[in-house]
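Me: I am new to this structure and would like to go through it step by step. Please show it to me first, and then I will ask about what it holds.

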Amino acid sequence: MSPTKVEPLIGMIFFRMIKHIINDKVSMICLFGFFTICFLSLTSSLFLTHSPNEINENFLNTPPMWMEGGQASFILGTDDLGRDFMARIFYGGKISLLVGFIVMMIAFLFGVFFGVISGYFKKMDSWIMGVVDILMSFPGILIAIVVVAILGPGLFNACLAVSVMSIPAMIRLVRSLVLREKNQSYVESSKSFGANPFRLIFFHILPNSFGEISVQTILTFSEGILSVAALSFLGLGAQAPLSEWGVMIADGRSYIESSWWLVTFPGICILTLILCVNVLGERLRDVFDPKLLIDS
């Protein structure tokens, strides 16, 4: 089996990914939904007439504009302090996207680093996997709560806590991929020509594992958003008056019967964003399947 057949270029993987998304209606819908949320969240300051923390004392718990008593200037209504709920929803989208990106990058960097060390260097394997097994023996949200309890509540601390929760799964995945690839014939062939471990890892093993790592990274993005929202709902993540979706749901619980939109709209946003990212990640598993790459 020739090395060029076994070792696909990253550019070819991206080409297969784009081709798969274009040909798959579900992937296109999810991608459209994700980019719509990103676009509205990142450009909301250009078209919103109210700031997310602007208090309007004359419009407390105003319903959405299509309901009786609604106002055209408050499309999604207001909260118990008279703040424009649409402005808070879109600003919360910025926070959620930033949270997902931070958790994703921390889990990716530390997971790949320790996963490669564990899979390639046998002396470190038992130590690293021992710690990973201990962490994975506890529920992830429990680990996140413990970390936040140590560091203190706050959005950044919640991101660190969720990252700690996500790193073990990434380490285990990368380790298994390294163990799979390092005994392949193309790696042995490169080693026989004098390739050092650095070249074997970064020019042979990781490029062949790029697909599976990418899928796990995408799923970590959505997991980070959902977990930080859960911590914020419990009062351990973002703190009021920050308009984070988990905080908004927690603040709206007391008004769920009289002002249903305070809980419903943030919940729909979380559900839509997580669903789009997760379904897109699951759909891309087939694209990144190394068996399909070899056979193509």
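Me: How many cavities of 30 Å³ or more does the structure hold?
Reply: This is a predicted model, in which local features need pLDDT of at least 70 and side-chain atom pairs count only at pLDDT 80 or more, while totals for chains, interfaces and linings use all residues. Residues are numbered from 1 along each chain as its sequence is written, and side-chain values use heavy atoms, with hydrogens and water left out. On a 1 Å grid over the protein atoms alone, a cavity is a set of points where a 1.4 Å probe fits but cannot get out, with points joined across faces, edges and corners and the volume taken as the space filled by probe spheres set on them. The number of cavities of 30 Å³ or more is one.

Me: Which helix gives the most to the lining of the largest cavity?
Reply: The largest cavity, of about 70 Å³, has lining residues (an atom within 4 Å of a point) that include D79, R83, F85, M248 and D251. Helices here are DSSP runs of H or I, at least four residues long, numbered from the N terminus, and at least two lining residues come from each of α4 (85-120) and α10 (245-252). With three residues, the helix that gives the most is α10.

Me: Where on helix α6 do its buried residues fall?
Reply: Buried means under 20% relative accessible area and exposed over 50%, with a 1.4 Å probe and protein chains only; in α6, I143, A144, V147 and V148 are buried. Seen down the helix axis, with directions taken from the axis to the C-beta atoms, these buried residues fall within an arc of 135 degrees, so they line one face of α6.

Me: Which exposed residues does the face of α6 turned away from its buried side carry?
Reply: The buried residues of α6 are covered by parts that include α5 (122-136), α7 (155-181) and α9 (197-233). On the face turned away from that buried side, the exposed residues are A149 and I150.

Me: Which backbone oxygen does the side chain of T217 reach?
Reply: T217, found in helix α9, counts as buried because its relative accessibility is 11%. Leaving aside neighbours within four places in sequence, T217 is in contact (heavy atoms within 4.5 Å) with M104, F108 and M170. At 2.7 Å, its side chain reaches the backbone oxygen of I213.

Definitions and conventions. 1 Å grid on protein atoms, 1.4 Å probe; cavity = no way out; pocket = protein on both sides within 12 Å on 5 of 7 lines; lining within 4 Å. Polar contact = N/O pair within 3.5 Å; in protein donor to acceptor, adjacent residues only side chain to side chain.
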